[in-house]
Amino acid sequence: MIAEAIALGEAARGSTAPNPNVGCIVVADGVIVGRGATAPGGRPHAEAVALAEAGDKARGATLYVTLEPCAHLSERGPACVDLIVSSGIARVVASLEDPDLRTAGRGFGRLREAGIHVSVGEGAVDARASMAGYLTRLRLGRPRVTLKLALSIDGKIALPSGESKWITGEDARAHVHLERAHSDMILVGRGTYLADRPSLDVRLPGLEERSPRRALLTGGDAVEGWEILRSPQDVFRLHDVNDLLVEGGSATATAFLAADLVDRILIYRAPIIVGEGKSSFGYVGLDAIADAHGRWEPRDGRTLGIDRLEVYERVAEEEG
């Protein structure tokens, strides 16, 4: 049942910031009677949506949720623990405790005080992966940064002329659009903007309205319709962004890597050899090969049409 809740939350990723993308279901007598995910903009919360759908069937039922129900008052809506208590829910199964200090443990405590049985930890690994942007922002004070690159077999992102359309095929490009839909903001460098004038929108049927905010990494003038970051360190100003997708180009990718501000790398590798061309990265601050090891670990790999997707994540400090 918790897997269903996680899937609902994952579908909402990229539309709920600064709130987490929570999923929730209500189950009565083995039947799902209510489903919910955090709504676009962060309200209503997943629990409120699921309980409203369940109605009177929530009494005596079990509520499965990916994150601890909020316990703090807000002008935008009631605390979810109050909704749960008043609904007559008998049991709550949650994946994670909310690191937000306004709730952190208080939500579970209030539910238990009301006589509701609470268990925590079911589906924690998958829930943590789905809400990684929110959890990263609360832990580090910045969004989770994903760096996307489309490369040839020999690691080139473009011909010497700068031509890069299209290195990868349609399936890989569709997957990029799905990643865009799951991001709150997408960023490119000034060079990419001037060369390609990218729209950076989502062009998947049914997801066109999920196009993220657009940002430029530039020391130059502002551009209408684009938010400006003067340096990678400006990500610490993005308090309403959970997931930031960095799409290019080489100088921008190098700047974020050199600043040690990349959490996840998506490499879409095409079965082509470019030879002489533009490399994916410049100098990222390493002076010895030994220093490059132990920083990244592969997390996923799959075939997308003729191309190959490789997913790498930063090695946690305690593992490095």
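Strands β1 and β3 run antiparallel and are joined by four bridges, where two strands count as paired if DSSP finds at least two bridges between them. The model is predicted, so local features need pLDDT of at least 70 and side-chain atom pairs count only at pLDDT 80 or more, while totals for chains, interfaces and linings use all residues. Residues are numbered from 1 along each chain as its sequence is written, and side-chain values use heavy atoms, with hydrogens and water left out. Helices (H or I, at least four residues) and strands (E, at least two) are DSSP runs, numbered from the N terminus.

**The five-stranded sheet**

- An open sheet of five strands has the order β2-β1-β3-β4-β5, with mixed pairing.
- β2 (31-37) and β5 (117-120) are the edge strands; each has a single partner strand, so one side of each lacks a neighbour in the sheet.
- On average, neighbouring strands of this sheet are turned by 15 degrees against each other, direction ignored; axes are lines fitted to C-alpha atoms, for helices over the stretch in contact, and angles run from 0 to 180 degrees between N-to-C directions.
- β1 and β2 are antiparallel and share six bridges, with C24 standing opposite G36 in β2.
- β3 and β4 run parallel and are joined by five bridges; V65 stands opposite A94 in β4.
- Between β3 and β4 the chain passes through helix α3 (residues 80-87), and this β-α-β crossover is right-handed: with the strands pointing away from the viewer, the path from the first strand over the helix to the second runs clockwise.
- β3 is mostly covered, as six of its six residues are buried, that is, under 20% relative accessible area, whereas exposed means over 50% and partly exposed lies in between (1.4 Å probe, protein chains only).

- A52 is found in α2 and, at 64% relative accessibility, counts as exposed.
- The C-alpha atoms of A52 and L83 are 9.6 Å apart in space, while the two residues are 31 residues apart in sequence.
- Helix α4 (residues 106-113) lies across β4 (91-96) and β5, at about 150 degrees to β5.
- In helix α1 (residues 2-11), the buried residues are I2, A5, I6 and G9. They cover an arc of only 100 degrees around the axis (taken from the directions from the helix axis to the C-beta atoms), which puts them on the same side of α1.
- An α-helix has 3.6 residues a turn, so residues three or four places apart point the same way.
- The buried residues of α1 pack against β1, β3, β4 and α5 (124-130).

**Nonpolar cores**

- The largest nonpolar core has 38 residues, and those with the most contacts inside it are V26, L63, I84, I89 and V92; such a core is a set of buried Ala, Val, Leu, Ile, Met, Phe, Trp, Tyr and Cys residues joined through side-chain atoms within 4.5 Å.
- Strand β1 (residues 23-28) supplies the largest share of this core, five residues.
- Beyond its neighbours within four places in sequence, V26 is in contact with residues including V31, I32, A50, L51, L63 and I89.
- Apart from this core lies another, of 22 residues, among them A215, V235, L244 and I265.

- Five of the five residues of strand β8 (residues 185-189) are buried.
- Both faces of β8 are covered, with M185, L187 and G189 buried on one side and I186 and V188 buried on the other.
- β8 pairs with strand β9 (residues 213-217) in the parallel sense over five bridges, and L187 has A215 as its bridge partner in β9.
- Helix α8 (residues 190-196) forms a right-handed β-α-β unit with β8 and β9.
- β8 is also joined by four bridges to strand β11 (residues 243-248), to which it runs parallel; V188 stands opposite G248 in β11.

**Arginine R180**

- R180 lies in helix α7 (residues 170-181) and counts as buried because its relative accessibility is 9%.
- Not counting residues up to four places away in sequence, R180 touches I186, L200, D201, V202, R203, R210, P212, L245 and E247.

Conventions. Contact = heavy atoms within 4.5 Å.
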